[in-house]
Amino acid sequence: MAGPKNVKLENRSGREFPELSPATTGLQGKCPRCGNGKLFNGLLDLAETCESCGLDYGFADAGDGPAVFVIFILGAFATGGVLFTEFVIGAPYVANLVTWGTATLILSIFLLRKMKGLLIAQQYVKKAAEGRLS
């Protein structure tokens with residue numbers, strides 16, 4: 001297996017950055033160009049620029065994509081879990097509500113951050129932008 005390729009990217013400093021996997025950088029919440037700087041300020045707020053390489057995150061617009069993925073993935077998981085605990089285990093309604101309500105809330109925040117980072121990293125790698133008519 002070959003090492004990472006150096007790809008000259010358009011930047012003011014003229015530095016070369018290794019070709020990084022968008023899955024790795026996005027899921028870790030790191031800069032898609034250098035892999036070192038933070039992508040987020042806080043829980044879900046996108047940083048303005050990378051603190052390491054200076055990449056401007058103005059291109060990043062994940063929109064509703066991460067929320068849709070999380071709703072579909074977590075919705076299927078939580079629905080299956082609720083049905084299982086209700087009909088197989090026979091847990092009371094309150095136990096179901098507390099257990100799956102809490103799990104859904106925690107997992108949705110966790111997954112939303114991961115999906116948002118992944119989609120932004122994909123945008124950077126694929127150079128995605130708004131459609132333009134020429």
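**Exercise 1. How far is the sulfur of Cys 53 from the closest cysteine sulfur, and in which residue does that sulfur lie?**

*Solution.* The structure is a predicted model, in which local features need pLDDT of at least 70, side-chain atom pairs count only at pLDDT 80 or more, and totals for chains, interfaces and linings use all residues. Residues are numbered from 1 along each chain as its sequence is written, and side-chain values use heavy atoms, with hydrogens and water left out.

Step 1. The closest cysteine sulfur to that of Cys 53 belongs to Cys 50, at 3.7 Å. A disulfide is a pair of cysteine sulfur atoms within 2.5 Å, and the distance from Cys 53 is too far for a bond.

Step 2. For Cys 31, the closest cysteine sulfur is again in Cys 50, 3.7 Å away, which is too far for a bond. The structure accordingly holds 0 disulfides.

Step 3. Cys 31 has 0% relative accessibility and counts as buried (buried means under 20% relative accessible area, exposed over 50%, partly exposed in between, with a 1.4 Å probe and protein chains only). Cys 53, at 13%, counts as buried.

**Exercise 2. State the order of helices and strands along the chain.**

*Solution.* Step 1. The chain has 3 helices and 4 strands; these are DSSP runs, numbered from the N terminus, with helices (H or I) of at least four residues and strands (E) of at least two.

Step 1. Read along the sequence, the pattern is β-β-α-β-β-α-α.

Step 2. Of the 134 residues of the chain, 25% count as buried.

**Exercise 3. Classify the aromatic pairs of the structure and locate their residues.**

*Solution.* Step 1. There are 2 aromatic pairs. Rings of Phe, Tyr and Trp (its six-membered ring) pair if their centres lie within 6.5 Å; planes under 30 degrees apart count as stacked, over 60 as edge-to-face and the rest as tilted.

Step 1. Phe 59 and Tyr 124 form a tilted pair, with 5.7 Å from centre to centre and 50° between the planes. Phe 59 is in the loop between strand S4 (45-46) and helix H2 (65-89), and Tyr 124 is in helix H3 (residues 93-126), so this pair ties together parts that are 65 residues apart in sequence. Phe 59 is partly exposed at 27% relative accessibility, whereas Tyr 124 is buried at 18%.

Step 2. The ring centres of Phe 77 and Trp 100 are 5.6 Å apart and the planes stand at 70°, so this pair is edge-to-face. Because Phe 77 lies in helix H2 and Trp 100 in helix H3, the pair ties together parts that are 23 residues apart in sequence. Phe 77 is partly exposed at 46% relative accessibility, while Trp 100 is buried at 16%.

**Exercise 4. Identify the nonpolar surface patch and describe Ile 89 within it.**

*Solution.* Step 1. The patch is formed by Leu 83, Phe 84, Phe 87, Val 88 and Ile 89, with about 560 Å² of accessible area together. Accessible areas come from the Shrake-Rupley method with a 1.4 Å probe; for residues, only the protein chains shown count as cover.

Step 1. Ile 89 lies in helix H2 and counts as exposed at 53% relative accessibility.

Note on methods:
Patch = residues over 30% accessible without salt bridge, like charges linked within 9 Å, V, L, I, M, F, W, Y side chains within 5 Å. Salt bridge = Lys/Arg side-chain N within 4 Å of Asp/Glu carboxyl O.
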